[in-house]
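We will take a short tour, one selection at a time.

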Amino acid sequence: MSLLIDAIGELSTQHLTGEASPASGEGAGVLRDAAVVLDGERIAWVGRSADAPAADERFDAQGRAVLPGWVDSHSHLVFAGDRTAEFEARMAGQAYAAGGIGVTTAATRAASDGELRRLLAARVAEAVAGGTTYLETKTGYGLEVGHEARSAVLAAEAVDEVTYLGAHLVPAGADPEAYTDLVCGPMLDAVRPHVRWADVFCEAGAFTEEQSRRVLAACRDAGLGLRVHGNQLGPGAGVRLAVEFGAASVDHVNFLDEGDIAALADSWAAWADGGAAGAPGTVATVLPACDLSTRAPLAPARALLDAGVQVAIASNCNPGTSYTSSVSFCVTTAVLQMGLTVQEAVRAATFGGALALRRHVGADADGQRAVGSIAVGHRADLHLLDAPSATHLAYRPGMPLTHAVWRAGTRVR
Ligand SMILES: N=CN[C@@H](CCC(=O)O)C(=O)O
Ligand SMILES: [Zn+2]
């Protein structure tokens, strides 16, 4: 069954320069008076409305804007409980500290499988309703072999990509070195069949550089892709470790020095913008909602882009630092407060997220279609705004602009 989405006022393709998009013949960026044909789960055609082929059905976009669905490459959705009191204390001037993770860990361990499954499904539904079509989430509120494995299993049922974050916090009373051994050994073995990625919170109050290095090495040796929570609460080793280990992404990046930015930029030196040649480097993932909720200095997204670093924007939805899955809100904030243009922010929240999850091109070894950009053969993940252009995301902050969402060719909102 094919569907022609016609009369699109503005189409943000975000596809790579040089990548085939035969119908349009244009490079990365924006098409006006456009149309897209979906065929099953894939995009079959992209181009001008006037040239659109016939399809089984037609949807009239009535001049509205279409973007790729948001690719949310950083969230922590497997949790129970609430941290309102901690948030209120923070708004009264208290600083965020990693220890709050322990509160959520206790509530999560106490929840039944059914309760966690219900909470997770509701959170995924909220994300989709806001235009997210591809979603990563992490373990990290189990912090014990059985509970981490349970979180991984439940996450794998509900989202597209699962990350093992046993190295989120050393549980109260545990010896840090012995806990790191557990994360690198029995816990990793239990979680491994259910996850594609591993992450470590390399920060004061969480895991030291040496402990983080051990976790990254063990998880790399187990065949997992790597990600790092780094430089969130202060300067530190997270960014450099991420680059050294070839991590796909380092996330937060609030406290960077020139050397950190140079290391990230160097990681992209061999990557051609065409995406066909050279290995991608380490994406810098910024989390604007988290920065606001923790009253942290905003991550230097503008400086990172100017240095040639590929940037992603993600929600970091979690009960401690960022209790929102609204990528639209994050994009708005990146434009209004981080100095990105609208198209830079849209790209970071679509193509950038896909790059951070290494799902940005073609069909990979898993046979999965590319996400995060609109090009022939890619997965048909589209976000139709109730607005004539993506600029309205920043021009009309906070307004409910998600009009329709297609995920793998199916209308989900
Ligand atoms: N920084 C580490 N982890 C989460 C917060 C987790 C929590 O406080 O519950 C984050 O990405 O912000
Ligand atoms: Zn996080």
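Which helix does Arg123 lie in? Select residues 113-129: this is helix H3, and Arg123 lies in it. Helices here are DSSP runs of H or I with at least four residues, strands are runs of E with at least two, and both are numbered from the N terminus.

A word on what you are viewing: this is a predicted model, where local features need pLDDT of at least 70, side-chain atom pairs count only at pLDDT 80 or more, and totals for chains, interfaces and linings use all residues. Residues are numbered from 1 along each chain as its sequence is written, and chains are lettered from A and ligands numbered from 1 in the order in which they are written.

Stay with Arg123. Is Arg123 buried or exposed? Arg123 counts as buried because it has 21 C-beta neighbours inside 10 Å (buried means 20 or more other C-beta atoms within 10 Å, exposed 12 or fewer, partly exposed in between, with C-beta atoms placed from the backbone). Contact means that the C-beta atoms, placed from the backbone, lie within 7 Å.

Now select residues 327-338, helix H12, and residues 342-349, helix H13. Which residues make their contact? On H12 they are Val327, Cys330, Val331, Ala334 and Val335, and on H13 they are Val342, Ala345, Val346, Ala348 and Ala349.

Finally, zoom out. The protein chain has 15 helices and 16 strands, and of its 413 residues, 56% count as buried.

Definitions and conventions:
Axes are lines fitted to C-alpha atoms, for helices over the stretch in contact, and angles run from 0 to 180 degrees between N-to-C directions. Two residues are in contact if their C-beta atoms, placed from the backbone, lie within 7 Å.
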